[in-house]
Amino acid sequence: MKLKDLIAGVDCKEVRGTTEMAVGSVHFDSRKVGHGDLFVAQRGVSADGHAYIGKAIEAGAVAVVCEELPEELDARVCYIVVGDSSAALGKIASCYYGEPSRQMILVGVTGTNGKTTTATLLYELVRLMGKKAGLLSTVCNYIDEERCPSTHTTPDALEINSFMRRMVDAGCEYCFMEVSSHAVHQKRIAGLDFDGAVFSNITHDHLDYHKTFRAYIEAKKAFFDGLKKEAFALTNLDDKNGMVMLQNTVARKYTYSCRTLADFNCKPVEKHLDGTLLALDGCEVWTKFTGDFNAYNLLAVYASACLMGLEKEEVLRCMSLLVPVSGRFETLMSPEGIVAVVDYAHTPDALENVLTTIQGLKGKNNKVITVVGAGGDRDKTKRPEMADAACRYSDRIILTSDNPRSEEPGAIIADMQAGVKDEYRKNVLSITDRKEAIRTALMMAAKGDIVLIAGKGHENYQEIKGVKHHFDDKEVVKEIFNM
């Protein structure tokens with residue numbers, strides 16, 4: 001592809017050299033550059049690509065996109081100066097892969113909690129309706145039926161467009177993706193043509209990155225601000241920041257709610273451990289999901305499907321066939337009648353949502369026992385809040401290790417213990433070994449008790465000192481239950 005075609009949609013400040021040359025591949029990692037390639041000097045979170053321009057040229061780069069010219073220029077290389085190299089990378093990546101997002105109906109889901117469930121269920125729903133679709137999510141990526149491992153909630157711009165190209169080539173009509181606040185802020189979604197955006201909620205998370213809650217909100221809002229006028233913008237009216245998302249968007253605006261009148265409404269009619277009967281937009285539908293938070297997720301799925309023009313009756317029929325996403329309120333029962341719930345809840349709000357759901361489902365004389373930890377090298381301010389939420393809605397609590405990463409598990413647990421009020425201290429144990437913590441919780445439980453194992457959900461590893469060790473909460477529970 002000619003360089004001039006690749007940068008046609010990029011806002012260039014200056015061009016030094018000819019753009020008539022052909023370019024091989026596009027990279028932002030100088031270690032991947034080969035002869036005849038284009039190198040984008042992206043300013044990343046941990047590294048600045050401008051420091052690697054020389055290495056990229058040594059490796060064979062014939063063109064460089066940068067925000068400022070290096071001191072010494074190579075006469076053989078074309079330099080394209082831009083205001084934002086990350087945004088430029090997104091637009092170049094889209095062009096390089098033939099703008100695949102314009103060849104499918106693309107819907108993005110953002111919010112603190114519910115992104116994975118909503119995006120995944122949209123993917124499952126349209127496939128149940130006989131259509132081909134792709135999915136980009138925290139748990140896994142899919143190209144129709146092909147499963148591809150996931151490393152980030154939202155991949156980098158080149159990987160996103162590469163996946164979407166494969167989706168289009170596989171005949172996919174739809175693509176659903178999680179859109180993280182990091183991805184919006186880092187311009188990973190620049191150049192994508194979204195047909196719809198869904199906002200689930202926003203609560204305390206990622207302040208290690210965004211620094212302030214306002215900056216976190218603004219990152220989410222920026223996704224909606226960039227939508228085209230033909231797209232739909234769907235927001236949760238029951239979230240206090242829900243309407244903020246719609247303030248400046250030119251897209252078609254819609255709301256959903258489980259509490260007040262909105263464009264799309266839902267209300268739980270019957271609640272059970274194995275499912276919920278919902279009154280969904282005036283129609284009763286039995287679903288295999290538990291908890292009010294899942295009622296919101298299902299309502300968002302239903303509303304999105306309707307806004308995509310899918311037939312309402314068929315959508316409702318297929319919604320009753322949907323099954324929970326891996327690691328999201330998954331229940332396992334022992335032969336003795338002890339219920340274990342494995343859930344990804346890793347924020348104070350998510351933990352509170354799951355525990356209030358459990359409180360509404362447990363027997364009058366039964367206990368709730370919670371096993372919970374917090375991730376290392378992440379937002380430390382939420383750790384005491386998570387412990388406080390666990391204490392308020394549980395009879396016994398075991399604080400344990402999650403993914404400590406480079407931190408000491410004991411130090412993370414100490415941060416959580418700071419949120420334990422004196423009145424709850426007698427109910428709290430600290431067991432660093434996660435497997436032992438789960439075993440202890442299940443041994444404490446009697447028939448009818450519910451043990452929540454929170455924080456990891458679908459993850460099948462523990463990351464300790466930079467090394468990932470196999471660890472799956474569900475496998476541990478099944479081993480202890482002799483399932």
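1. E479 is partly exposed, with a relative accessible area of 44%; partly exposed lies between buried (under 20% relative accessible area) and exposed (over 50%), with a 1.4 Å probe and protein chains only. Its salt-bridge partner is K435, with the closest N and O atoms 3.3 Å apart. A salt bridge here is a side-chain nitrogen of Lys or Arg within 4 Å of a carboxyl oxygen of Asp or Glu. K435 also counts as partly exposed, at 31% relative accessibility. The pair links distant parts of the chain, 44 residues apart: K435 belongs to helix α14 (residues 434–444) and E479 to helix α15 (residues 473–481). Helices are DSSP runs of H or I with at least four residues, numbered from the N terminus.

2. One network, joined by salt bridges that share partners, contains E99, R102, D193, D195 and K228. The search of the whole structure finds 35 salt bridges.

3. This is a predicted model, in which local features need pLDDT of at least 70 and side-chain atom pairs count only at pLDDT 80 or more, while totals for chains, interfaces and linings use all residues. Residues are numbered from 1 along each chain as its sequence is written, and side-chain values use heavy atoms, leaving out hydrogens and water.

4. D29 and R31 form a salt bridge with their closest N and O atoms 3.0 Å apart. D29 is buried, at 18% relative accessible area, whereas R31 is exposed, at 74%.

5. R43 and D48 meet through their side chains in a salt bridge of 2.4 Å, N to O. R43 is partly exposed at 32% relative accessibility, and D48 is partly exposed at 28%.

Note on methods. Helix = DSSP H or I, 4+ residues; strand = E, 2+ residues; numbered from the N terminus.
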